[in-house]
Amino acid sequence: VQLVESGGGLMQAGGSLRLSCAASGLAFSTSTMSWFRQAPGKARELVATVGWKGNIQYYGDSVKGRFTISRDNAKNTLYLQMNSLKPEDTAVYSCAAAPASTQIYDYWGQGTQVTVSS
């Protein structure tokens, strides 16, 4: 199983970025998928979650109204559209997969750095 994130980078506050997570070797279409982030010196934080049908979503309070999680099961790809970025969004963003068989996050990507300057 591989989860490969892309789309991170340096952005000014107020800007937008779109992260992607390409999955392989995984029953992607039946897995709950999430984005997590971890800033230096801070605990890992759940950013957003989407159910396998795409119709159940969760957002952390800090990103509600600014970030949108989505998935394309035909492409085995997870997305995170990040708008109105703030310096406090700076972190390493990782995707994670919870297969239907276990319903725990068995698989993680390596992460992509997002840096937001003020």
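Visitor: So, two strands pair if DSSP finds at least two bridges between them. Which residue in β11 stands opposite Tyr93?

Guide: Thr112 does. Keep in mind that this is a predicted model.

Visitor: How many bridges join β9 to β11?

Guide: There are 3, and the two strands run antiparallel.

Visitor: What about β9 and β4?

Guide: They pair over 7 bridges, in the antiparallel sense. Thr32 gives you a spot to look at: its bridge partner in β9 is Ala98.

Visitor: And how many bridges join β9 to β10?

Guide: Look for 2 bridges there, with the strands again antiparallel. Strand β10 covers residues 107–108. Its Tyr107 is the bridge partner of Ala97.

Visitor: How many residues of β9 are buried?

Guide: 7 of the 8 are buried, so β9 is largely enclosed by the rest of the structure.

Visitor: Let's zoom out. How many helices and strands are in the chain?

Guide: The chain has 0 helices and 11 strands. Read along the sequence, the pattern is β-β-β-β-β-β-β-β-β-β-β. The radius of gyration is 13 Å, close to the 13 Å of the globule rule for 118 residues, so the chain is as compact as a globular protein of that length.

Visitor: What does the C-alpha trace span?

Guide: Along the principal axes, about 40 × 25 × 25 Å.

Visitor: And what share of the residues count as buried?

Guide: 42% of the 118 residues do. Contacts reach across the sequence too. Take the contacts with a separation of 6 or more: 53% of them involve residues 24 or more positions apart.

Visitor: Which strands make up the open sheet?

Guide: It has 4 strands in the order β1-β3-β8-β7, with antiparallel pairing. The edges are β1 (2–6) and β7, each with a single partner strand, so one side of each has no neighbour in the sheet. On average, neighbouring strands of this sheet are turned by 15° against each other, direction ignored.

Visitor: How many bridges join β7 to β8?

Guide: Antiparallel again, with 6 bridges. Ser70 stands opposite Tyr79 of β8.

Visitor: Pick a residue in β3. Is Ser20 buried or exposed?

Guide: Ser20 counts as buried, because its relative accessibility is 18% and the cut-off for buried is under 20%. It lies in strand β3, residues 17–24.

Visitor: What does Ser20 touch?

Guide: Leave out residues up to four places away in sequence. Then Ser20 touches Val4, Glu5, Ser6, Trp35, Thr77, Leu78 and Tyr79.

Visitor: How many residues has the largest nonpolar core?

Guide: It has 27 residues. Trp35, Leu78, Leu80, Met82 and Tyr93 have the most contacts inside it. Among the elements that give it two or more residues are β3, β4 (32–38), β5 (45–50) and β11 (112–117). In soluble globular proteins, nonpolar side chains tend to be buried together.

Visitor: Which residues is Met82 in contact with?

Guide: Beyond its neighbours within four places in sequence, Met82 is in contact with Gly15, Ser16, Leu17, Leu19, Arg66, Phe67, Tyr93 and Val114.

Visitor: Switching topic. Which cysteines does the disulfide join?

Guide: Cys21 and Cys95, with 2.1 Å from S to S. The count of disulfides comes to 1. Cys21 is in strand β3 and Cys95 in strand β9, so the pair ties together parts that are 74 residues apart in sequence.

Visitor: Left- or right-handed?

Guide: The link of Cys21 and Cys95 is right-handed, with 60° about the S-S bond. Both cysteines are buried.

Visitor: Now the loops. Where is Asn76 found?

Guide: Asn76 is in the loop between β7 and β8. Its phi is near 50°, a positive value in a residue other than glycine. Most residues other than glycine have a negative phi.

Visitor: How exposed is Asn76?

Guide: Asn76 is partly exposed, with a relative accessible area of 26%.

Visitor: And where does Gln103 lie?

Guide: Gln103 sits in the loop between β9 and β10. Its phi is also positive, near 55°. At 65% relative accessibility, Gln103 counts as exposed.

Note on methods. Residues are numbered from 1 along each chain as its sequence is written. This is a predicted model: local features need pLDDT of at least 70, side-chain atom pairs count only at pLDDT 80 or more; totals for chains, interfaces and linings use all residues. Side-chain values use heavy atoms; hydrogens and water are left out. Buried means under 20% relative accessible area, exposed over 50%, partly exposed in between (1.4 Å probe, protein chains only). Contact means heavy atoms within 4.5 Å. A nonpolar core is a set of buried Ala, Val, Leu, Ile, Met, Phe, Trp, Tyr and Cys residues joined through side-chain atoms within 4.5 Å. A disulfide is a pair of cysteine sulfur atoms within 2.5 Å. Axes are lines fitted to C-alpha atoms, for helices over the stretch in contact, and angles run from 0 to 180 degrees between N-to-C directions. The radius of gyration is taken over C-alpha atoms; the globule rule is 2.2 Å times the number of residues to the power 0.38.
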